[in-house]
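Visitor: Hi, I'm new to this one and would like a slow walk through it. Could you put it up for us?
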Amino acid sequence: MKLCVRNATHLEASVDLFVAEGRIVTMTPSGSQPVPEGCEILDAKGLLLMPSLVDAHAHLREPGQEYKEDIASGLAAAAQGGFGTVMCMANTVPVNDTASVTRFMMDRARASHPHGPHLRPIAAATMGLKGEEMPQFGEMREAGCVAVSNDGKPVANTELLRRIMEYAADFGMTFIDHCEDPHLGHGWMMNEGELSGLLGVKGQPAAGEAIQAARDILLAECLGLPVHIAHVSSAMTLDVISWGKSRGVKVTAETCPHYLLLDESAIGNYDTAAKVSPPLRRPEDRAALLRGLVDGTLDILATDHAPHASHEKDSTLDVALFGFTGLDLALSLTWGLVLDGGLKEADLHRLWCHAPGRIFDVPVNAFSPGDPADFFLWDPVQKWPANRGNMRSKSLNTPFLGRELVGRVRHHFIGGEKVV
Amino acid sequence: MSIEDRYTWKHRHLLDVTHLDKDDVTHLLDLAASFQEINRRPVRKVPTLKGKTVVLFFAENSTRTRTSFDIAGKRLSADTYSLSVAGSSINKGETLKDTSLTLHAMGPDVIVIRHPSSGAAAYIADLLPCAVVNAGDGWHAHPTQALLDCFSLREAWENRFAGRTLLILGDISHSRVARSNVHLLHMLGVKVRLCSPRTLLPAGVESWPVEVFSDLGRAVADVDAVMCLRLQLERQQAGLLPDLTEYSKRFCLGTKHLDKARPKAVVLHPGPLNRGLEIADDVADSKASLVLDQVAAGVAIRMAVLYLLAVSPPPSFVRGKELVL
């Protein structure tokens, strides 16, 4: 199948994009080349052409918790949200700690989304996420895993962590760490500070994240191996990463849209919709994280899509589960940052696509001839409310529920096939 | 009579003292004083809330607060029903949402809730159309305790709060009594001090309107009152304290400390007391102790609260006039 997308705007230039056999043929200035015979034409005037995004951090809940999400609904949300690749965390039931679980996930993804979005599972760093012994990363790599992580249950044992990083490196798999000191602030529900003190709620100090990030960075330096710091929430952790980078450590890091757009005050009157791990922090952390994305201390954006059923959030703060959905909303939320001038459109291409592609060795589209034809057309002005009808995830646990967002995926192609 | 002379209670619930202004507090204390008078009559019962139903939902152990609300309701002729953890479906895994909806379906006018989770009272107030009284939620708030403490202090201090200094002694971090009292006393013009080991101070205490001490001898100097808090024994198990002997050496209020306070200084304690741990025997039994006055004040304050929340439309009052019941 051949396709020509005409008059699209790519980073402020008006372009025509030619696609054949699922790959980019060429991208040229609008009208500069004739459209070949038998080519399907899509007029994209007024729409922005963007490469399909990579979400390096999502929880799709299948197998085991399909009442929250399954691979089909998660990938449907991803497709509508502009994601061509989703890296899903291992905390399913059973845990993704064997190649057979990975293969099951891959089969489910191919069955519901044969053209994509592509699923790239993340292997559990330890069996059952228990922090005791490592899984067979080689077999899991062959089955489709691209990285390893103990997300949600940090590896406390540094000797074991060292062996995980070393052994996974044999297969080119990077260790992704959810940085949380297992004891400091244990049982926390929000950021520790003035607000947690007034609400009478146990908090986690920012140091709880930064201490673990510092350990990881020092270990990575000692081993000469890469480490990726997940969902950075605080300025303190950002400083530790910056220090690591200045020492030449192969450390990369992500943050999520909610840490850029919300602070701890969102928890207000015990609002469980704002309970997330790591917690929303102070306004100054928010501002620092945005600067970190611009200056390169933070390498990528990720959603940390963590769907939960409504009854799991409808409770007091202590009982409510941690996490927000994100795949449906992430690009529109960060597009809002472009509209506010905090980020540029090219930053979004870098943070959501090219950098995660490079870090996790996932093929992405740079619009060069031969690249996978993974792209979407973005309506930069369309307004839409974040509600049930507009979101594909099974769950609605987002603090942005009901908010009016700007920017929406209009057409999404993966491998040249239309998925939205 | 001018509009300013008329006061109207505007609150649907009593969840936290932070929702009250000074007029509300003055009014509550005045109203409690007129109920206190009923409590001294030979027949301590008035028909004010006849036909009203008050449910006491206690998801955490409590005897005195529950009994106090129960007596308060009964003295106003309300029907009161108690549900506590031991006898409830909470032990069968029922959620707070479902327990609350079930209780509400029975048609109460007021639900009084005690719950171990901070924010629990606000959660059910959002959920239910009836009035909710917070009888203690986690570490967060205990508004009727703070009100009854102020009621007792107002009597002891002859109606003058401004310029007084009060020391709150003990585990501040995990104390709803401390949080509610700091706010309320500060609103009334009392200078508040805290004295506690650093491990039992809340995060962000620097921004509270208080002076913080770690040495009891210095903290108690020239105060008009000391409020001792109960030390929960699980704090030591949680590793926040090395040993209770050292705690009592540093923080147990004794007569040698009270000697440094102002001559007529009084001592409060929300109970139950750990004698010898946070308060010495002789202090607990001394004339300075308001502990039993607090218990009596508790009934009067809770009568005032139930009255204001169960009567609809909200009652209005003419200032300076006594309530005739």
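Guide: Before we start, a word on domains: the bounds I quote come from an automatic or database domain assignment. Please also keep in mind that this is a predicted model.

Visitor: Okay, how is chain A divided?
Guide: Chain A is divided into domain 1, made up of 2-48 + 372-384 + 404-418, and domain 2, which covers 52-360. The centres of these two domains of chain A, taken over C-alpha atoms, are separated by 30 Å.

Visitor: And how many residues make the contact there?
Guide: Domain 1 of chain A puts 13 residues into the contact, and domain 2 of chain A puts in 18 residues. On the domain 1 side, strand 17 (375-385) and strand 18 (404-414) of chain A each supply at least two residues, and strand 18 of chain A gives the most, with 7 residues. By class, that side of domain 1 of chain A has 7 nonpolar, 3 polar and 3 charged residues.

Visitor: What about chain B, how is that one divided?
Guide: Chain B has a domain 1, given as 3-142 + 295-318, and a domain 2, given as 143-292. Their C-alpha centres lie 25 Å apart, and 27 residues of domain 1 of chain B are in contact with 22 residues of domain 2 of chain B.

Visitor: Which element gives the most on the domain 1 side?
Guide: On the side of domain 1 of chain B that touches domain 2 of chain B, helix 12 of chain B gives the most, with 8 residues. The elements that give two or more residues to that side are helix 1 (22-38), strand 5 (131-137) and helix 12 (291-310) of chain B. The residues of this side of domain 1 of chain B divide into 15 nonpolar, 7 polar and 5 charged.

Visitor: Now between the chains: how many residues are in contact?
Guide: There, 18 residues of chain A are in contact with 19 residues of chain B. Helix 5 (residues 194-199) of chain A provides the largest share of the chain A side, 5 residues, and by class the side of chain A that touches chain B has 6 nonpolar, 8 polar and 4 charged residues.

Visitor: Switching topic, what's the strand order in the open sheet of chain A?
Guide: The open sheet of 6 strands in chain A has the order 9-10-11-14-15-16, and its pairing is parallel. Strand 9 (122-124) and strand 16 (300-301) of chain A stand at the edges with a single partner strand each, so one side of each has no neighbour in the sheet.

Visitor: How many bridges join strands 10 and 11 of chain A?
Guide: Strand 10 (residues 147-149) and strand 11 (residues 174-177) of chain A run parallel and are joined by 3 bridges, and A:Ser149 stands opposite A:Ile176 of strand 11 of chain A.

Visitor: Which strands does helix 6 of chain A touch?
Guide: Helix 6 of chain A packs on the sheet and touches strand 11, strand 14 (227-229) and strand 15 (251-255) of chain A, while its direction makes about 165° with that of strand 14 of chain A.

Visitor: At what angle do helix 6 and helix 7 of chain A pack?
Guide: Helix 6 (residues 207-223) and helix 7 (residues 235-246) of chain A pack at about 15°, with their axes 8 Å apart. Because angles under 35 degrees count as roughly parallel, helix 6 of chain A is roughly parallel to helix 7 of chain A. The residues that make the contact include A:Ala210, A:Ala214 and A:Ile217 of helix 6 of chain A and A:Val240 and A:Gly244 of helix 7 of chain A.

Visitor: And helix 1 against helix 2 in chain A, what angle there?
Guide: Helix 1 (residues 71-81) and helix 2 (residues 99-112) of chain A pack at an angle of about 60°, and their axes are 9 Å apart. That makes helix 1 of chain A oblique to helix 2 of chain A. Their contact is made by A:Ile71, A:Ala72 and A:Leu75 of helix 1 of chain A together with A:Met105, A:Arg108, A:Ala109 and A:Ser112 of helix 2 of chain A.

How values were computed:
Residues are numbered from 1 along each chain as its sequence is written. Chains are lettered from A and ligands numbered from 1 in the order in which they are written. This is a predicted model: local features need pLDDT of at least 70, side-chain atom pairs count only at pLDDT 80 or more; totals for chains, interfaces and linings use all residues. Two residues are in contact if their C-beta atoms, placed from the backbone, lie within 7 Å. Helices (H or I, at least four residues) and strands (E, at least two) are DSSP runs, numbered from the N terminus. Ala, Val, Leu, Ile, Met, Phe, Trp, Tyr, Cys and Pro count as nonpolar, Asp, Glu, Lys and Arg as charged, and the others, Gly among them, as polar. Axes are lines fitted to C-alpha atoms, for helices over the stretch in contact, and angles run from 0 to 180 degrees between N-to-C directions. Angles under 35 degrees count as roughly parallel, over 145 as roughly antiparallel, 65 to 115 as roughly perpendicular and the rest as oblique. Two strands pair if DSSP finds at least two bridges between them.
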